[in-house]
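Biologist: I have not looked at this one before. Can you put it up and take me through it?
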Amino acid sequence: MGQAPSAAPPPARMRVVVLPIKAVANTLEVTAPVSFPPELLGRLTPEELAVVVAVTNETLKTHASLSFLALLLPLVLLDLVSVLLLALFDPWLLVAPWDFALGDIVLPVSLEFLMFFCVFPVTVYALNRRMSAAQAQLRLKLDEFSNFFAERGISFQLRQRLSAAARGCSLWVEVAVAPVLTALLPIAVPVPTLVPVLVDPASLGAGAAGGWAAGKAPAPASS
């Protein structure tokens, strides 16, 4: 009777653990899970996960200076520069601008508004550049963790998603846990097999050679 075929292993699926990144006190921090994720059991220890979270938060401290006042700093500096330029042009423009004709104040006021209009793209560019540099540095750290824990089937990636109407974005660290694959492989069982061997008659004795020539097998030698 043939053996019944063994059941196929269940399909393996990739498991994902999400570590959200939130703004805390003018900086960004990874929110550590309250309890140890069951997906990481047998792959990571709580101490190793705490080290990953601590190094990630240390890298994210580059966003610490990106507060509301830091964003207003270019506008404040531009306001000071524009006031200084108006004072150099005519100090009375700051004291009593209504004493001047409209044609006399159109040029300096237009230059001030133009400077304010141009500072917004510069501020956004500087902000995006700094955030991109911090994200690139964080991705390097996560790649180091992925290489270190590659033998355990764990990889770390930084994810980003735009909110509705592109008014903001959300960041999180994704921990991918690769499944353990079970494969049924056939095992070869050795079976005894008769293999013919060619022997030179000259290497045998005279009696054995004559027996082979007569079609009879030589008798086994007595011990």
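Biologist: Which side chain does the side chain of E174 make a polar contact with?
Modeller: The side chain of R159, at 3.3 Å. Bear in mind that this is a predicted model.
Biologist: Where is E174 placed?
Modeller: E174 sits in strand β4, which covers residues 169-177.
Biologist: Is E174 buried or exposed?
Modeller: Buried. The relative accessible area of E174 is 17%, and the cut-off for buried is under 20%, so E174 falls on the buried side.
Biologist: And R159, what does that count as?
Modeller: R159 counts as partly exposed, at 33% relative accessibility.
Biologist: What else does E174 touch?
Modeller: Leaving out residues up to four places away in sequence, E174 touches V16, V17, S155, F156, Q157 and R159.
Biologist: Back to the pair. What does R159 form with E174?
Modeller: A salt bridge, with the closest N and O atoms 3.3 Å apart. The pair links distant parts of the chain, since R159 is in strand β3 and E174 in strand β4, 15 residues apart.
Biologist: How many salt bridges are there in the whole structure?
Modeller: A search of the whole structure gives three. One of them joins E48 and R152, where the closest N and O atoms are 2.7 Å apart.
Biologist: Why does the pair of E48 and R152 tie together parts that are apart in sequence?
Modeller: Because E48 lies in helix α1, residues 46-60, while R152 lies in the loop between α4 (102-148) and β3 (154-162). Those parts are 104 residues apart in sequence.
Biologist: How accessible is R152?
Modeller: R152 is partly exposed, with a relative accessible area of 35%.
Biologist: Which residue does E58 form a salt bridge with?
Modeller: K61, and the closest N and O atoms there are 3.6 Å apart. E58 and K61 are both exposed.
Biologist: Change of topic. Which residues make the nonpolar surface patch?
Modeller: L72, L73, V76, L77 and L80 make a nonpolar surface patch of about 440 Å². L80 is found in helix α2, which spans residues 68-89.
Biologist: Is L80 buried or exposed?
Modeller: Exposed. L80 has a relative accessible area of 56%, and the cut-off for exposed is over 50%, so L80 qualifies.
Biologist: Now the aromatics. How many aromatic pairs does the structure hold?
Modeller: Three aromatic pairs. There is also one aromatic cluster formed by F145, F148, F149 and F156.
Biologist: Let me step back to the whole protein. How many helices and strands does the secondary structure come to?
Modeller: Five helices and four strands. Along the sequence they follow the pattern β-β-α-α-α-α-β-β-α.
Biologist: What percentage of the residues count as buried?
Modeller: 22% of the 223 residues count as buried. E174 is a buried residue.
Biologist: And the area the protein exposes? What supplies it?
Modeller: The protein exposes about 16,700 Å², and carbon and sulfur atoms supply 68% of that.
Biologist: Last one. What share of the contacts is accounted for by residues 24 or more positions apart?
Modeller: 59% of the contacts with a separation of 6 or more. That is a figure for the protein.

Notes: Residues are numbered from 1 along each chain as its sequence is written. This is a predicted model: local features need pLDDT of at least 70, side-chain atom pairs count only at pLDDT 80 or more; totals for chains, interfaces and linings use all residues. Side-chain values use heavy atoms; hydrogens and water are left out. A salt bridge is a side-chain nitrogen of Lys or Arg within 4 Å of a carboxyl oxygen of Asp or Glu. Helices (H or I, at least four residues) and strands (E, at least two) are DSSP runs, numbered from the N terminus. Buried means under 20% relative accessible area, exposed over 50%, partly exposed in between (1.4 Å probe, protein chains only). A polar contact is a pair of N or O atoms within 3.5 Å; within protein, one must be able to donate a hydrogen and the other to accept it, and residues adjacent in sequence count only if both atoms are side-chain atoms. Contact means heavy atoms within 4.5 Å. Patches are made of residues with over 30% relative accessible area and no salt bridge: like charges are joined within 9 Å, nonpolar side chains (Val, Leu, Ile, Met, Phe, Trp, Tyr) within 5 Å. Accessible areas come from the Shrake-Rupley method with a 1.4 Å probe; for residues, only the protein chains shown count as cover. Rings of Phe, Tyr and Trp (its six-membered ring) pair if their centres lie within 6.5 Å; planes under 30 degrees apart count as stacked, over 60 as edge-to-face and the rest as tilted.
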